[in-house]
Amino acid sequence: MRHPRSKAPDPYAAKPSLSVVIPCYNEVNTVKDIVKRVLDVDIVDEVVIVDDGSTDGTRDILAEIEAQCHSKVKIFYHERNQGKGAALVTGFKETSCEVIIIQDADFEYDPREYPLLLKPIQEGVATVVYGSRFLGGARKAMNFWNMVANKGLTLITNILFNAILSDMETCYKCFRREVVENMQIHARGFDFEPEFTAKVLRQGIRIVEVPISYYGREYDEGKKIKWTDAPIAAWTLFKYRFFS
């Protein structure tokens, strides 16, 4: 199914229902606050948290959240760590709303910006929206080599799929639920980002980007992605362009 090439925005369109999927692994210091921040956004209808085998006390925090019996929150558990991609696949299957946003369980991304991501979908001009860290939003200085890796992978994406993205690796991906309903996702780790992007672009869907703020954390603060994930991401892009 190809997304229409152009469509006049409808600023009066009804808001679609919104699920937020939070993959979570060893985030004992941030998960409680980030869930509160997500719930404070009044356009959120459902929060699906998937704990991916945490061992640092995160599960105790999630048990506290679960005990509050909040009507919007659903929590699922992997018995062992399988990776971000695996947690997202579990989360997608448990959503029930029309639109899904991915949210990390830390403070790098600001849930108050959900309306920016949802607007192009609500107005009918997009099926998939990415929040870009490189389009002028407020940004904490990023590690130089992380920036190089991000821009390099985004360039490879644009060359392989004839796109003009500025931030393929962003966490903030917002999309209609039907985009993933029939999408078979093999990624188990951070290779989710290139696999999802490749499969969206191969469907002929043009991704809309909006500027977002970004407050990246350091490795001693719990950042998990490493330089070794970059070649895996590059191979994933080539694989789904030419061999799958």
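**Exercise 1. Is E46 buried or exposed, and what is its relative accessible area?**

Solution. The model is predicted. Start with the place: E46 sits in strand β2, residues 46-52. Next, take the area. The relative accessible area of E46 is 6%. The cut-off for buried is under 20%. Therefore E46 is buried.

Now look at the partners of its side chain. Another, of 2.8 Å, links E46 to the side chain of S96.

**Exercise 2. Work out the order of the strands in the open sheet.**

Solution. Count first: the open sheet has 7 strands. Read across it and the order is β3-β2-β1-β4-β6-β5-β7. The pairing is mixed. Then find the edges. β3 (73-78) and β7 each pair on one side only, and they are the edge strands. From one strand to the next, the twist averages 20°.

Now check some pairs:

- β1 and β4 run parallel and are joined by 4 bridges. In this pair, V21 has I102 of β4 as its bridge partner.
- β4 and β6 run antiparallel, with 3 bridges. Here I100 stands opposite F175 in β6.
- β5 and β6 are paired in the antiparallel sense over 3 bridges. V128 stands opposite F175 in β6.

**Exercise 3. Why do the buried residues of α4 line one face of the helix?**

Solution. List them first. In helix α4 (residues 114-122), the buried residues are Y114, L117, L118, P120 and I121. Look down the axis of α4: these residues fall within an arc of 155°, so they line one face. An α-helix has 3.6 residues a turn, so residues three or four places apart point the same way.

Then ask what covers them. The cover includes α1 (31-39) and the strands β1 (18-24), β4 (99-102), β5 (128-132), β6 (173-176) and β7 (208-211). Finally, step past the end of the helix. Just after α4, G124 has a positive phi of about 85°.

**Exercise 4. Describe how α1 packs against α2.**

Solution. Two packed helices are described by the angle between their axes and the distance between the axes. Take both values. The axes of α1 and helix α2 (residues 58-67) come within 9 Å and cross at roughly 35°. Now name the residues. From α1 come V31, K32 and V35. From α2 come T58, I61, L62, E64 and I65. Sort them by class: 5 are nonpolar, 1 is polar and 2 are charged.

**Exercise 5. Compare N26 and N162, each with a positive phi though not a glycine.**

Solution. Take phi first. For N26 the value is about 50°. For N162 it is near 55°. N26 is in the loop between β1 and α1. N162 is in the loop between α5 (144-161) and β6. Then check accessibility. N26 has 21% and counts as partly exposed. N162 has 58% and is exposed.

Finish with Y25, also in the loop between β1 and α1. Y25 is partly exposed, at 28% relative accessibility. Its side chain makes a polar contact of 3.5 Å with that of N26. From Y25 to K36 is 11 residues in sequence and 17 Å in space, C-alpha to C-alpha.

Conventions: Residues numbered from 1 in each chain as written. Predicted model: local features only at pLDDT ≥ 70, side-chain atom pairs only at ≥ 80, totals over all residues. Heavy atoms only, no water. Buried < 20%, exposed > 50% of the residue type's maximum accessible area, 1.4 Å probe, protein only. Helix = DSSP H or I, 4+ residues; strand = E, 2+ residues; numbered from the N terminus. Arc of directions from axis to C-beta. Contact = heavy atoms within 4.5 Å. Polar contact = N/O pair within 3.5 Å; in protein donor to acceptor, adjacent residues only side chain to side chain. Axes fitted to C-alpha atoms, helices over the stretch in contact; angles between N-to-C directions. Nonpolar A, V, L, I, M, F, W, Y, C, P; charged D, E, K, R; others polar. Pairing = 2+ DSSP bridges.
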